[in-house]
Amino acid sequence: MHNEQPIAHAVILLHGLCGSSLEMGSIPKALRKSGCAVIELVIPNYSAGHVDPTITPHWEDWCAVVDSEITRLRLNFKTVSLCGLSMGATLALAVASRSHEAIAIVALSPVLRYDGWSIPWYQHLMQIPFLLGYKNWAHEEGEPYGIKNFDMRRRVANSLKKDGVAAVGAAAIPARQLRGAHQMMAYVRHSLKQVKTNLLVIHAIDDETASPKNPEMILEHVSSELRKVIWLGDCYHIITVDNEREIVTNETVQFIRKNIEMHLKDLSYRELKHQSPLKDRRG
């Protein structure tokens with residue numbers, strides 16, 4: 001029995017640090033509607049509900065989970081793309097700096113430094129207690145919860161109080177996970193040149209967590225042949241559920257579909273180019 005050829009396209013979704021697939025808003029449904037398989041990846045010591053407070057994770061373990069999933073999907077799908085939000089976007093860039101298996105990356109509100117307008121000036125000093133051995137504390141999320149839309153923000157606040165997790169992620173991020181995130185951000189800042197995958201960045205100008213300097217650094221230093229940025233003027237950090245969420249969803253799907261078509265055209269061209277010419281049988 002011959003092996004079946006890959007017949008479809010898969011998109012791995014990467015939510016933010018200690019978050020869940022709730023953060024991705026309408027993107028999963030829209031991708032499925034466009035014909036893509038959607039994998040909402042759960043990562044040990046990264047995803048909400050899968051964090052062991054006694055373990056200090058290493059960001060390379062997070063990358064390994066994504067790498068393994070890409071390898072698995074490539075057995076059954078023609079192409080694989082990555083779509084990440086917040087630290088999930090940073091994770092996608094970390095993976096792409098070491099592997100070129102994905103054909104496209106959509107980086108939503110990527111974070112290379114916590115430098116938005118709501119971040120206190122002493123934020124960078126918060127790693128000092130961890131380095132001194134104080135590891136059992138957590139950073140609690142507060143207003144505006146990454147959301148500019150007042151009604152949505154109110155619903156999120158209620159969900160966080162009730163369930164400890166909402167469309168913006170977890171109510172609190174443990175120090176151990178934050179340490180892993182800081183190390184991954186440092187790695188990505190110095191490895192952007194290794195990223196060659198086609199890239200779309202969507203970022204809010206008023207992002208309270210990560211300033212516009214983050215996408216500017218990414219676009220300046222990556223080696224992607226196709227790189228595009230879309231700036232949003234009426235959102236904060238969690239752009240997938242805020243005022244311009246429809247733009248975010250539509251642009252994400254369009255970019256991934258465009259890259260799938262480009263990849264298939266390139267494959268067809270290469271196959272045509274390598275076909276043996278018919279031999280001249282005259283005489």
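1. A crossing of two helices is called left-handed if the near helix is turned anticlockwise from the far one by less than a right angle, and right-handed if clockwise. In this structure the crossing of α3 and α6 is left-handed. Helices (H or I, at least four residues) and strands (E, at least two) are DSSP runs, numbered from the N terminus.

2. The model is predicted: local features need pLDDT of at least 70 and side-chain atom pairs count only at pLDDT 80 or more, while totals for chains, interfaces and linings use all residues. Residues are numbered from 1 along each chain as its sequence is written, and side-chain values use heavy atoms, with hydrogens and water left out.

3. Helix α3 covers residues 87-96 and helix α6 residues 175-189; they pack at about 50°, with axes 10 Å apart. Axes are lines fitted to C-alpha atoms, for helices over the stretch in contact, and angles run from 0 to 180 degrees between N-to-C directions. The angle makes α3 oblique to α6 (under 35 degrees is roughly parallel, over 145 roughly antiparallel, 65 to 115 roughly perpendicular, the rest oblique).

4. On α3 the contact (heavy atoms within 4.5 Å) is made by M87, T90, L91, L93 and A94, and on α6 by A181, M184, M185, Y187 and V188.

5. The sheet is open and has six strands in the order β2-β1-β3-β4-β9-β10, with parallel pairing. Two strands pair if DSSP finds at least two bridges between them. The edge strands, each pairing on one side only, are β2 (36-40) and β10 (227-232). On average, neighbouring strands are turned by 15° against each other, direction ignored.

6. Helix α3 also packs on this sheet, where it touches β1, β3 (79-85), β4 (104-108) and β9 (198-204); its direction makes about 140° with that of β3. Helix α7 (residues 213-221) lies across β9 and β10 and runs at about 165° to β10.

7. Strand β1 (residues 9-14) pairs with β2 in the parallel sense over five bridges, and A10 stands opposite A37 in β2. Six of the six residues of β1 are buried, so the strand is largely enclosed by the rest of the structure. Buried means under 20% relative accessible area, exposed over 50%, partly exposed in between (1.4 Å probe, protein chains only).
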